[in-house]
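Please read the numbered points with the model displayed alongside.

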Amino acid sequence: MNRKNLVLHARKSIERGSKSFSRASKLFSRPTRERTWLLYSWCRACDDLADGQDHGHGMSTVANPEKAIAAMRMMTRRAHGGEQTGNPPFDAFGVVAQECNIPLSLANDMIDGFALDARGWRPETGNDLLQYCYHVAGTVGCMMAVVMGVPANDQEVLDRACDLGLAFQLANIARDVAEDAQAGRCYLPKAWLAEAGINPDDIMNPDHRDALITQINGLCDLAGEYERSARVGAANLPFRSRWAVLAAAGIYGDIARAIKKSDGASLDRRIYTSKVKKLGWIVKAFGQAMFKSTKRDRQGLWTRERAIRPA
């Protein structure tokens, strides 16, 4: 496919896979919007390969997860080097990586997260959880920052971009506790569960419900901390990119806030935010983008390893 067709393919992917992100992406300038779609297409394809899904839906057992991860790495490496793979999402990544100089190390870091899932990894501590969130979402925040024009060696801004990815992933984990349990997964750290008296191999036991809700609410609060930090970093972006990032932060932040407000309903049904609220954030974020966020340091927040490995 040529670039135009790759963009069209990527646009269909984001509209199908994430209505919230699709809506926020339309606030970018056209070049950034197209590059965002191209990057999303690759991220979505990798996630689907790792989880046996179709645009994030219908998780199924992957027959040979190690082989899937190896293929993912190989196609990503080839695409990053400018080769055509014949696989549209990977070729899309090749285009945006070449145009924006996205470090291959960030792509490999993301794939490392899928490799953890492939071997049935579970976090022991809160630090383990945040490290995992970095791999599967913080890296995306960093790559998106580069797409928006942030130099790949601007560690301070990339840390803030990573924080937004962490916020998104923590909200996702809080929302999907029951769904993940059905698939044999649990991202709540074993140390947290032990402290709460929850059997890590039986977290959906009704006897644990109240304690589990407390754990979920804690994830939502943590997501809020990283969202607030990310908002500070948005001040370094061009206006339209700042507007889009603040809108996305608000839309995803509302998921965490709705989960906490639901008082455990997320264990029985998937929590959504309404289209009206999403549109409301687009309007609200426009006003927020007119002014720089209040300075806020990152003291006490988890920080990714800053060294960028050679490609």
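**Notes on selected helices and residues**

1. Histidine 208 is buried, its relative accessible area being 12% (buried means under 20% relative accessible area, exposed over 50% and partly exposed in between, with a 1.4 Å probe and protein chains only). Histidine 208 lies in the loop that runs between α10 (190-196) and α11; helices here are DSSP runs of H or I with at least four residues, numbered from the N terminus. Not counting residues up to four places away in sequence, histidine 208 touches Gly197, Ile198, Asn199, Asp202 and Ile203, where contact means heavy atoms within 4.5 Å. Its C-alpha atom is separated by 10.0 Å from that of leucine 193, 15 residues apart along the chain.

2. On the basis of these values: this is a predicted model, in which local features need pLDDT of at least 70 and side-chain atom pairs count only at pLDDT 80 or more, while totals for chains, interfaces and linings use all residues. Residues are numbered from 1 along each chain as its sequence is written, and side-chain values use heavy atoms, with hydrogens and water left out.

3. Arginine 231 belongs to helix α11 (residues 209-233). It is buried, with a relative accessible area of 13%. Leaving aside neighbours within four places in sequence, arginine 231 is in contact with Leu246, Ala249, Gly250, Trp281, Gln288 and Ser293.

4. Helix α6 (residues 104-118) has 15 residues and should span 21 Å at 1.5 Å a residue, which agrees with the 21 Å between its end C-alpha atoms; the expected span is 1.5 Å times one less than the number of residues. Of these 15 residues, 12 are buried, among them Leu104, Met110, Ile111, Phe114 and Asp117. The cover over the buried residues of α6 includes α3 (30-51), α4 (65-80), α5 (88-100) and α7 (126-147). Just after α6, glycine 120 takes a positive phi of about 70 degrees.

5. How do α1 and α3 cross? The axes of helix α1 (residues 3-17) and α3 come within 8 Å and cross at roughly 65 degrees. That makes α1 roughly perpendicular to α3, a term for angles of 65 to 115 degrees, as against under 35 for roughly parallel, over 145 for roughly antiparallel and the rest for oblique. Axes are lines fitted to C-alpha atoms, for helices over the stretch in contact, and angles run from 0 to 180 degrees between N-to-C directions.

6. Residues of α1 including Leu6, Ala10 and Ile14 meet residues of α3 including Trp37, Leu38 and Tyr40.

Terms used. Helices (H or I, at least four residues) and strands (E, at least two) are DSSP runs, numbered from the N terminus.
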